[in-house]
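Trainee: I have a model open and I'd like to learn how to read it feature by feature. Can we go through it together?

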Amino acid sequence: MLLSELLGYDDIVIQCHDNPDADALASGFAMYWYLEKMGKKPRFIYRGIHKISKNNLLIMLDKLQIPVSYEPDFSEKPELLITVDCQYGQKNVSAGDAENISIIDHHQITVELPELSEVRSNLGSCATVIWDMIRFEGLDVNEDVNLATALYYGLYTDTNRFAEVSHPLDRDMQDSLIINKTIIKEMSTSNISLDELKITGRAILEYEYFDNHKYLVIQADQCDPTILGVISDFAMDTTGVDMCLAYYVSPEEIKFSIRTCTNEIHANEVASELANGIGGGGGHLTKAGGTIRPEKLGCADQKEVSEKIRNIFIKRIDEYFDKYEIIYAKDTILDTSDMKKYEKKPQHLGYVKLTDVFPVNSVVEIRTLEGDIDVRLDADKYLMIGLEGEIYPITKEKLESSYKAVDEPYEREFEYEPCITDVYSGEKKNVLAYAKSVVSTGTTHIYAKPLKGYVKLFTAWDEEKYYSGVPGDYIAVREDDPHDIYVINGRLFDQLYKEID
């Protein structure tokens, strides 16, 4: 859906979920701002039995001049009702009748969506969704510092102070917004009430420790989601703890926070596993989290939800630990006797010589769908661009021995176009603008076989971050380098390689 599709309506009401949080308020504010820019006169409301009372949100409403009104008895039937950061029909939305419904959200879909909908469950905040939609319409939210600050704070709070940011679009918004840092600081230091301080203490005292895999599970009372980060951060200072899960259960949602302190456990991967099929999760390698929808659990009441989600969490954590084989490529030589030999099919791919983008010795951040990579540039550093826009490093020697440059432009469209930013100057450039085309020569051979189990592979060039392989993927090793071991997506393998004798 495009925001411009909403401009055919005049009587427009924007509504966020009951008991709104910062992301809901920021999203509604952004929607209001856009419609006013387009000459409309929308109204922005919230309903429910509770009026906003949290200090940080009261500061947000006052200092950022957010034009929202509390209307618990709202009974009009507008021409268009836009729900933001929620879905019309969910139990946390006290929504009445409307001639037309539009939904803009970032949570898991739990209702039948109307035609005028934009739900991106892979993003960390609804603020990001609407920021991107406004940007597509050619407007810049930085025209209004209050709006930019609200959007920033919406993402900040919904991703536990950015710890759970996983999608590069969230990071792009975070980097691009021109904000009032003083107001952000004032709001962010007013999150925890004295009651929530007690919640933190009670939760920590009632921890569960599982020594089989050295992890803690801590259930807290319903609280501001940032409290979960406080709890799990504190718990990670404990000797003998490699991972902590902190969570709360409410009628509307189950929020959880993950912290890890070993490079063999990626917090974002654990979060994704915990939420698989029942919610969404993501974040960074050591800090992550997510949200689960209680209605996905099929329980009769909140007590049953609480019992069921605890059992699901423990079961999924144990399964996660037990199913992986860990491989360090620099210390491993694979037995190739049961592996077949392959060569690359002629396949047009892209490559970038990094020193064409920024000078030698520049420290750059490469942002991709898989995450951010920080490197210092030298003449030997290149990037390969895979079939689906995935980025991986390659040396000049291996590039020249495996691929041949072709005289044709490299033109591809991906879900997210990787970009490179100079860490010191802040200058940002699009990777694809510097990409050139290559085709594999077929001269480099590999041994490969399908994985029967799950692996975490630390490549010879990166011992901090592993690459996950699942059954159906392939584990491969170059014939000319026994330590150049990697995982190939099973869905892409037949497109990339052919068996040879």
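Trainee: Is Asn 146 buried or exposed?

Mentor: Buried means under 20% relative accessible area, exposed over 50%, and partly exposed in between, with a 1.4 Å probe and protein chains only. Asn 146 has 16% relative accessibility, so it counts as buried. One caution before we go on: this is a predicted model, where local features need pLDDT of at least 70 and side-chain atom pairs count only at pLDDT 80 or more, while totals for chains, interfaces and linings use all residues. Residues are numbered from 1 along each chain as its sequence is written, and side-chain values use heavy atoms, with hydrogens and water left out.

Trainee: Where does Asn 146 lie, and what is it in contact with?

Mentor: Helices (H or I, at least four residues) and strands (E, at least two) are DSSP runs, numbered from the N terminus. Asn 146 belongs to helix α4, residues 145-158. Contact means heavy atoms within 4.5 Å. Setting aside neighbours within four places in sequence, Asn 146 is in contact with Phe 29, Lys 63, Leu 64 and Gln 65.

Trainee: And what is Pro 67 in contact with?

Mentor: Phe 29, Tyr 32 and Phe 44, again leaving out neighbours within four places in sequence. Pro 67 sits in the loop between α2 (55-63) and β3 (68-70). Its relative accessible area is 32%, so Pro 67 is partly exposed. For a sense of scale, Pro 67 and Ile 327 are 260 residues apart in sequence and 55 Å apart in space, C-alpha to C-alpha.

Trainee: How do I read a nonpolar core, and how many residues has the largest one?

Mentor: The general idea is a set of buried Ala, Val, Leu, Ile, Met, Phe, Trp, Tyr and Cys residues joined through side-chain atoms within 4.5 Å. Here the largest has 60 residues, and Met 60, Ile 82, Ile 104 and Leu 151 have the most contacts inside it. Helix α1 (residues 22-37) gives the most to this core, 11 residues. Apart from it lies another core, of 31 residues, including Ile 258, Ile 292, Phe 313 and Tyr 324.

Trainee: Which residues does Leu 151 touch?

Mentor: Not counting residues up to four places away in sequence, Leu 151 touches Ala 26, Ala 30, Ala 127, Trp 131, Val 141, Met 173 and Leu 177.

Trainee: How many residues of helix α3 are buried?

Mentor: In α3 (residues 126-136), 9 of the 11 residues are buried, so the helix is mostly covered. Among them are Cys 126, Trp 131 and Asp 132. The buried residues of α3 pack against α1, β4 (80-84), β5 (101-105), β6 (116-119), α4 and α5 (168-176). After α3 comes Gly 138, with a positive phi near 90°.

Trainee: Now strands. In which sense do β15 and β23 pair?

Mentor: Two strands pair if DSSP finds at least two bridges between them. Strand β15 (residues 348-353) pairs with β23 (residues 436-440) in the antiparallel sense, over 4 bridges, and Leu 349 stands opposite Val 438 in β23. Strand β15 also pairs antiparallel with β18 (residues 381-385), over 4 bridges; there, Tyr 351 stands opposite Met 384.

Trainee: What is the strand order in the open sheet of 5 strands?

Mentor: The order is β28-β27-β24-β14-β29, with antiparallel pairing. The edge strands, β28 (481-488) and β29 (497-499), each pair on one side only. Inside the sheet, 5 bridges join β24 (residues 445-450) to β27 (residues 474-478), and Tyr 447 has Val 477 in β27 as its bridge partner.

Trainee: How many disulfides does a search of the whole structure find?

Mentor: A disulfide is a pair of cysteine sulfur atoms within 2.5 Å, and the search finds 0. Cys 16 is in no disulfide: the nearest cysteine sulfur, that of Cys 86, is 6.9 Å away. Cys 16 counts as buried, at 0% relative accessibility, whereas Cys 299 is partly exposed, at 22%.

Trainee: Last one: what does the secondary structure of the chain come to?

Mentor: 12 helices and 29 strands. The radius of gyration is taken over C-alpha atoms, and the globule rule is 2.2 Å times the number of residues to the power 0.38. The chain's radius of gyration is 25 Å, close to the 23 Å that the rule gives for 501 residues, so the chain is as compact as a globular protein of that length. Buried residues make up 53% of the 501 residues.
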